[in-house]
Amino acid sequence: MTFRQARWDEPPIWEVGREADEAVPVIPGLPERWHRSHPVRWPELSELEILRHFTRLSQMNFGIETMTYPLGSCTMKYNPKVSERLARLPTAAELHPGQPVETVQGALEILWRLERALAKVTGLSEVSLQPAAGAHGEHAALLMTRAYFHDRGELAQRTEVLLPDTAHGTNPASAAMAGFTAREIRSRDGCVDVDALRAAVSERTAAFMLTNPNTAGLFETEISAIADAVHNVGGILYYDGANLNAILGVTTPGRMGFDVAHLNLHKTFATPHGGGGPGAGVLAAGDKLAPYLPVPRIVKRGRRFTLDYDRPKSIGKIKTAYGNFGLDLRAYAFLIAHGEEGLRHIARRAVLNANYAAKKLGRHLPRPFRPLVKHEFLLSGSPLRKRGLRTLDLAKRLLDEGVHAPTVYFPSLVEEALMIELPETESRREVDAYIAAVERSLADTDENLRTAPHHLAVGRVDEVRAARELLLSWRDLRSAGANLETSTPPAPP
């Protein structure tokens, strides 16, 4: 839709697309069933209108560069600009995955070095950067588990994947896609009930999927007993790396007894997060499962690097291109900029931020489970029910404070849950500002909370309808019967 004014003293006219009487071009040889019955109605906009439109949209967005973004279980940390600049260099951005390996030796060396560094971070012997995202890495890990039991002649009996009730939603989905049946293990005081796990494991157990610290922000202190319970029946212990930020450089999944792990580069290693991708889901494996990693593998032969497909036990290729070089390069820059001591500082600072905020906010809302947490913490918004309110109302009110809401209603074992994570990139001043925003929101009137947000471009929406009836593209308003001969633009669809 475009706005035009023929003369300064004439009322403005809102137009939609090109005129309908334009001729429809016919391409010789194109089957008639593919001919258009009417011309394409392209939206026609001036350069200034486009600039203003997208600038306005950018000002409406919530983002890590404009405010705190404390999504528990979904670490949202600042992406260093030096990493962004590196990834945009022509020598990086213009690489093509189909190039001969002789022409991309520098890129392969960076990927190889990143794999070696991540092997040390995870305490597992082999690493693949091939998976496209975390859930893709999960699925690949379970395919490797299937291949492992197939080689052992046990696949027919290994039908179950066990999950704690604090598991991420992708865990049971990945298990089902890999052909297993997911079975939930209850928690006790926010951690795995080891007695329940011991009762559940059997010769049917293929794997137990766990993140440590878990999604309640608690370190599974009985992790050695958990590993023993799974390994004693011949099962695989899988590490969901969503919460690696809390233990980075301090301990490793390998030291805890995990056999295979996926990592999210966007959560722990400060690569871009969200927007539907592209992602990077690192896959790490110990000696037991390493032969089953996807091909190709990057190998160093003398001073040269190459892609090795000669891995007979591999689950095969799971992605057209090897990894996502732009994100891998950012993660490598982040790793070498921090070094070993810097990585430990990341974990310590994240844990400090979480415990500081938890203690302050615990004065206003109840905190389940034990007081000491790792990188994130849980609050219960159950007292809001006495005011006829819900956690969702508090989350919407926080948007009016200029900060993003935390994760809400997850994990389900806490009533009216709020899960807050303030990573190491947030200063004490920002953490204090977020605490003050929560306190002001809780002190607001019931009516303001119930109807928030009030100061954004869009108010409270019907979230179910918004999810099911997305309007993501330009719409020809003329076909909807809009009156275009008016000085007022038609209401948006």
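**Note on the cores, a helix pair and backbone details**

1. Leaving aside residues up to four places away in sequence, Phe208 touches Leu162, Leu163, Pro164, Ile185, Val192, Leu197, Ile226, Val230, Ile236, Leu237 and Tyr238, where contact means heavy atoms within 4.5 Å. The model is predicted, so that local features need pLDDT of at least 70 and side-chain atom pairs count only at pLDDT 80 or more, while totals for chains, interfaces and linings use all residues. Residues are numbered from 1 along each chain as its sequence is written, and side-chain values use heavy atoms, with hydrogens and water left out.

2. The largest nonpolar core has 57 residues, of which Leu118, Leu197, Phe208, Ile226 and Phe269 touch the most other members. A nonpolar core is a set of buried Ala, Val, Leu, Ile, Met, Phe, Trp, Tyr and Cys residues joined through side-chain atoms within 4.5 Å; buried means under 20% relative accessible area, exposed over 50%, and partly exposed in between, with a 1.4 Å probe and protein chains only. Among the elements that give two or more residues to this core are helix H4 (105-122), helix H7 (194-200) and strand E9 (236-241), and H11 provides the largest share, 10 residues. Helices (H or I, at least four residues) and strands (E, at least two) are DSSP runs, numbered from the N terminus. A second, separate core of 30 residues includes Ala216, Met419, Val431 and Ala437.

3. The axes of helix H12 (residues 391-399) and helix H13 (residues 428-443) come within 9 Å and cross at roughly 120 degrees, which makes H12 oblique to H13. Here axes are lines fitted to C-alpha atoms, for helices over the stretch in contact, and angles run from 0 to 180 degrees between N-to-C directions; angles under 35 degrees count as roughly parallel, over 145 as roughly antiparallel, 65 to 115 as roughly perpendicular and the rest as oblique. From H12, Leu394, Arg397 and Leu398 meet Tyr434, Ala437, Val438, Arg440, Ser441 and Leu442 of H13.

4. Two cis peptide bonds deserve a look. One joins Asn212 and Pro213, with omega about 5 degrees, and Pro213 sits in the loop between strand E8 (205-210) and helix H8 (223-232). The other runs from Val295 to Pro296, with omega near 5 degrees.

5. Phe369, although not a glycine, has a positive phi of about 70 degrees, and this residue is partly exposed at a relative accessible area of 28%. Glu416, also not a glycine, has a positive phi of about 50 degrees, but Glu416 counts as buried at 5% relative accessibility.
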